[in-house]
Amino acid sequence: MLTWHILTGIHLKKCTGSYNPVIFSANSNGNGKANLAPQEKEKGKGKLNSITKHKHSVRASPQNGSIAVTGGFTVKMSIAKPLKKLASCVILDLDGTLINTALLSDVLGGFLSKYGKQWDGREVHKTLGKTPLEAAAAIVEAYDLPCTSNEFISAINPLYSEKWCNIKAQPGANRLIKHFGGHGVPMALASNSPRENVEGKISFHQGWKESFSVIIGGDEVASGKPSPDIYLEAAKKLNVEPSSCLVIEDSIPGVTAGKAAGMEVVAVPSIPKQSHLYTSADEVINSLLDLKPEKWGLPPFQDWVEGTLPIESWYIGGPVIKGLGRGSKVLGIPTANLSTEGYSTVLSEHPSGVYFGWAGLSTRGVFKMVMSIGWNPYFNNPEKTIEPWLLHDFAEDFYGEDLRLVIVGYIRSEANFPSIESLIAKIHEDGRIAEKALDLPIYSTYRDDPYLKSCVKDSSHL
Ligand code: RBF
Ligand code: MG
């Protein structure tokens, strides 16, 4: 039996193993309260008017603004945007979507160097979302290799499979799989890679194989993505209409395939700064942490607390460097920019966005901290940077001091803003959210993390 909460006071009980979709356009914050999206609040739209009880119905009727919620309730709303299609199943791509296959790029680099060629990491887009044969052909051609595409595949495959055990799940992948699995939402895995490779890769991720009702590899259909075949086959095996499937994809060929199959597609681009190219996707999100299943009629995540998402903690440290001189001067927000030298892997593993946690400064103590990771769309920086803002008034600068961070939660993805004032206002709001959240036990315990302590204690003997 499955139970989950959506809007205030509504419990939906399911008595069968199958999942019934629920759709509404307000955000649920996971503790049973209905929150409206901030922009809707501002405009005074999306107001919850009334909730009426009735029997099983699943369709939205945008004309009169009522949304049918399966399980017996209709939520009456004035709707700002037309509702998206209902999904009852999720079909996931693997490489770049659920797992971070970027490290395979190093294998390719090593391989090409044996041929006296130098791999240009920026060429990775030539292989993204392609079938193995197409990707091989693209590399053989770009680097003018003295072998056929098939020979290339036979040579590189064993080198790739040696690395499978080191491939990490994308941030939010385990959470997503557990969430949909726990709510009985059928999931399929649909990859251009051969089935054997798909199974090999996921075998290193506990609980994944059992979570998928269906797995389709590129070798099991006539043509790979961007052909819709893989997705259509997945829907067929799930025994559902393509129109009730939500696809999650990182590559353009994958998005094309999902749309061609008649499905709703959320793109999670795995190459930074490329979102503008994903025009055919129904939505482009920055990372799996930003997925809002309720937009597609699927059960909402319930792990957000007070505007924050607890994440598996991670650590980074180094000397404070001078940033681009904007923090204090332009914004009035003094960020203690962190040198990212030696942290390129850590940096590439974590999606850009606004995070928070605790900061240890060698001679000064431990402070609350909110930070942005990324390219700062407003300034469009060329490099991914880490810009922690220590929520404390310091009398002077501390460039060169050792700064250690424990990052414990996520707030939002980086955004662009129409004015510097609106950017500043948002950063202050982030600060208030972090400040408050860090007092919650789930986050406050990290204040005593040895990683921060050792650094503070060591230098107190100086
Ligand atoms: N810059 C952006 O362009 N977009 C953002 O959404 C954004 N969010 C931020 C959130 C926090 C908590 C902090 C400290 C900074 C953020 N910034 C953002 C970066 C800000 O523009 C940056 O601190 C200045 O560029 C100073 O170097
Ligand atoms: Mg992919």
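Ser191 sits in the loop that links β10 (187-190) to α6 (195-202); helices (H or I, at least four residues) and strands (E, at least two) are DSSP runs, numbered from the N terminus. This is a predicted model, in which local features need pLDDT of at least 70, side-chain atom pairs count only at pLDDT 80 or more, and totals for chains, interfaces and linings use all residues. Residues are numbered from 1 along each chain as its sequence is written, chains are lettered from A and ligands numbered from 1 in the order in which they are written, and side-chain values use heavy atoms, with hydrogens and water left out.

**Ser191**
- Ser191 is buried, at 1% relative accessible area (buried means under 20%, with a 1.4 Å probe and protein chains only).
- Leaving aside residues up to four places away in sequence, Ser191 touches residues including Asp93, Asp95, Lys225 and Ile230 (contact means heavy atoms within 4.5 Å).

**Helices α3 and α4**
- The axes of α3 (residues 132-142) and α4 (residues 149-163) come within 8 Å and cross at roughly 105°; axes are lines fitted to C-alpha atoms, for helices over the stretch in contact, and angles run from 0 to 180 degrees between N-to-C directions.
- The two helices, α3 and α4, are therefore roughly perpendicular (65 to 115 degrees).
- Residues making this contact include Leu133 and Ile139 of α3 and Phe152 and Ile153 of α4.

**Ligand 1**
- A polar side-chain atom of Glu387 lies 2.6 Å from an oxygen atom of ligand 1.
- For Tyr378, a backbone N or O atom is 2.7 Å from an oxygen atom of ligand 1.
- A polar side-chain atom of Asn376 is 3.4 Å from an oxygen atom of ligand 1.

Note on methods
Buried < 20%, exposed > 50% of the residue type's maximum accessible area, 1.4 Å probe, protein only. Parallel < 35°, antiparallel > 145°, perpendicular 65-115°, else oblique. Polar contact = N/O pair within 3.5 Å; in protein donor to acceptor, adjacent residues only side chain to side chain.
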